[in-house]
2 protein chains.
Amino acid sequence: MPEKSQRIVFFVSDGTGITVEMLGHSLLTQFEGIEFNQITIPFIDTVEKAHACVGRIDEVLHAGNARPVVFTTLVNEDVRNIIHKSNAFVLDFFERFLVPLESEFGVKSTHTIGRSHSAMDIKEYKDRIEAINFSLAHDDGVSAREFSKADVILVGVSRSGKTPTCLYLALQFGIKAANYPLIPEDLERMKLPVPIQAFRSRLYGLTIAPERLREIRQERRPDSQYATLENCRHEVTQAELLMRREGIRWLSSTTKSIEEIATTLVQDMKLERRTF
Amino acid sequence: MPEKSQRIVFFVSDGTGITVEMLGHSLLTQFEGIEFNQITIPFIDTVEKAHACVGRIDEVLHAGNARPVVFTTLVNEDVRNIIHKSNAFVLDFFERFLVPLESEFGVKSTHTIGRSHSAMDIKEYKDRIEAINFSLAHDDGVSAREFSKADVILVGVSRSGKTPTCLYLALQFGIKAANYPLIPEDLERMKLPVPIQAFRSRLYGLTIAPERLREIRQERRPDSQYATLENCRHEVTQAELLMRREGIRWLSSTTKSIEEIATTLVQDMKLERRTF
């Protein structure tokens with residue numbers, strides 16, 4: 001195999017850099033055969049910091065590497081102009097899109113720094129923290145106290161992906177997600193556990209391929225009965241049967257990322273997001 | 001006050017839509033005086049779904065609203081072309097940036113759908129789940145078993161923002177973050193709690209304005225001694241004194257979002273991220 005070519009990529013932002021690195025990353029995943037060394041430089045919100053940042057970027061070329069690529073979301077024009085003077089290949093998201101949007105909306109943009117991940121919206125912030133606390137308090141069937149306040153209750157066998165999904169729903173979307181495990185006793189009885197029976201319309205199932213479940217459980221509890229392929233197969237078959245009987249929607253988490261599970265669930269359950 | 005003008009905005013993606021809505025949202029926050037009604041349409045990965053999507057977009061105009069704005073990240077050209085035929089004002093992130101990147105890299109992009117939030121990278125996925133489990137197991141000083149495996153241990157008074165920050169670090173960056181509360185007894189003794197004494201170089205503090213802390217605690221435990229401004233002031237002053245004495249870096253979470261706290265911490269502690 002030929003050696004992969006390498007490129008150094010900077011994500012430069014006047015805020016956290018989370019937006020710019022996410023967009024930049026999604027563009028870079030479209031290129032194969034290149035190894036990207038990705039560096040995020042957040043909080044570049046003054047002319048001084050911009051100059052220091054350009055120094056760091058220009059070092060790459062001086063050190064004999066290929067021209068670095070720089071993705072930016074910068075609202076301040078002075079800062080932006082300094083970054084553009086670097087020796088890098090600069091792709092400026094705001095420059096390209098703010099001008100057409102200004103003309104579409106017929107108003108000037110405010111050029112306010114760091115708006116998108118700031119804590120400005122107190123209501124949104126509170127909703128989010130509340131959702132996180134709710135998820136933690138209602139993880140793994142720990143408490144059924146406030147299931148009536150849940151936006152969604154995830155069900156599924158142990159290690160099917162319920163907890164990460166709930167936390168993501170809370171952090172990213174401010175959605176109150178509880179989760180309740182389907183344990184072997186429930187599966188033998190072929191009945192929903194009592195605490196969730198009254199909330200059928202809010203239940204959403206996660207299932208998983210037995211082979212994948214086996215891998216995950218094997219890491220958690222090596223060579224246990226719990227982790228055998230036979231047991232995983234049995235639990236998954238029974239859980240799917242139960243969900244089908246009870247008319248619970250579900251998806252398979254086997255090849256899905258946390259983001260894909262969460263987004264699909266929000267769409268399927270028509271949940272309203274509390275944060276953007 | 002004049003009534004705000006309204007615009008309907010769609011985020012259309014062939015994947016989760018998380019990238020496009022984040023970038024779109026960060027652009028929209030630059031416009032004041034307009035109320036945006038934001039709708040995400042994920043998983044538009046076939047020509048059929050694209051036609052249905054255009055139907056939904058075009059309804060907006062038919063219903064007498066202003067022309068909708070559509071932000072897209074679509075890698076398939078057929079899908080993209082259909083969306084462009086809608087009556088909306090379409091801003092296409094990939095179209096604008098993939099072509100210049102192709103020419104910079106000297107290779108064609110792969111046009112593979114839904115790459116950026118897929119579960120393709122098994123190693124990254126495992127690191128992330130492991131970090132989430134670690135955070136949950138080491139929340140609020142619950143266990144000090146594996147502090148030696150922590151990338152960072154957050155310290156601070158109760159309700160200073162430690163838990164959401166740890167969860168975010170795990171989910172977003174795959175960083176193993178534990179947290180340990182500084183309780184009144186620690187503050188009276190003016191000494192670090194025993195379980196974290198050996199990990200001084202990995203400690204990072206969160207502090208918070210006493211007035212803000214009071215608000216948060218008041219909601220949690222109304223009219224308790226714990227929530228009085230006097231008590232909050234005392235705890236915060238003592239905690240800051242302790243951190244200063246022990247040479248622990250810290251930041252104030254008072255006006256910061258979870259993203260801003262996490263990003264600043266990663267930068268301050270020079271932590272290596274395990275996911276992108």
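A residue is called buried if 20 or more other C-beta atoms lie within 10 Å of its own. The legends below describe a predicted model.

Figure 1. If neighbours within four places in sequence are left aside, the contacts of A:Asn179 are A:His138, A:Asp139, A:Asp140, A:Ile153, A:Leu154, A:Lys162, A:Thr163 and A:Cys166.

**Figure 2. Helix α3 of chain B, residues 77–84**. Which residues of this helix are buried? They are B:Val79, B:Arg80, B:Ile82 and B:Ile83. These four span an arc of only 160° around the axis, so they lie on the same side of α3(B). B:Glu77, B:Asp78 and B:Asn81, on the other side of α3(B), are exposed. The cover over the buried residues of α3(B) includes strands β1 (5–13), β3 (69–73) and β4 (89–92) of chain B, together with helices α2 (47–62) and α4 (93–105) of chain B.

**Figure 3. The side of chain A that touches chain B**. Contacts between the chains involve 55 residues of chain A and 55 residues of chain B. In chain A, at least two residues of this side come from each of α1 (18–28), β2 (34–41), β3 (69–73), β4 (89–92), α4 (93–105), α5 (122–137), α6 (162–173) and α11 (258–268). Helix α4(A) gives the most, with eight residues. By type, the residues on this side of chain A are 27 nonpolar, 21 polar and seven charged.

**Figure 4. How chains A and B are related**. Chain A is superposed on chain B by a rotation of 180° with 0.0 Å of shift along its axis, and the RMSD is 0.1 Å. The two copies are therefore related as by a two-fold rotation axis. Of the interface residues of chain A, 100% are also interface residues in chain B, so the copies meet through the same surface. For the complex, the predictor gives an ipTM of 0.89 and a pTM of 0.90.

**Figure 5. The two parts of chain A, domain 1 and domain 2**. Domain 1 covers residues 5–105 and domain 2 covers residues 122–268. Taken over C-alpha atoms, the centres of these domains of chain A are separated by 39 Å. Chain A has a mean pLDDT of 92, and 97% of its residues reach 70 or more.

Definitions and conventions: Residues numbered from 1 in each chain as written. Chains lettered and ligands numbered in written order. Predicted model: local features only at pLDDT ≥ 70, side-chain atom pairs only at ≥ 80, totals over all residues. Contact = placed C-beta atoms within 7 Å. Nonpolar A, V, L, I, M, F, W, Y, C, P; charged D, E, K, R; others polar. Domains from an automatic or database assignment. Least-squares fit on C-alpha atoms with pLDDT ≥ 70 in both. pLDDT = per-residue confidence, 0-100. Buried ≥ 20, exposed ≤ 12 C-beta atoms within 10 Å, placed from the backbone. Arc of directions from axis to C-beta.
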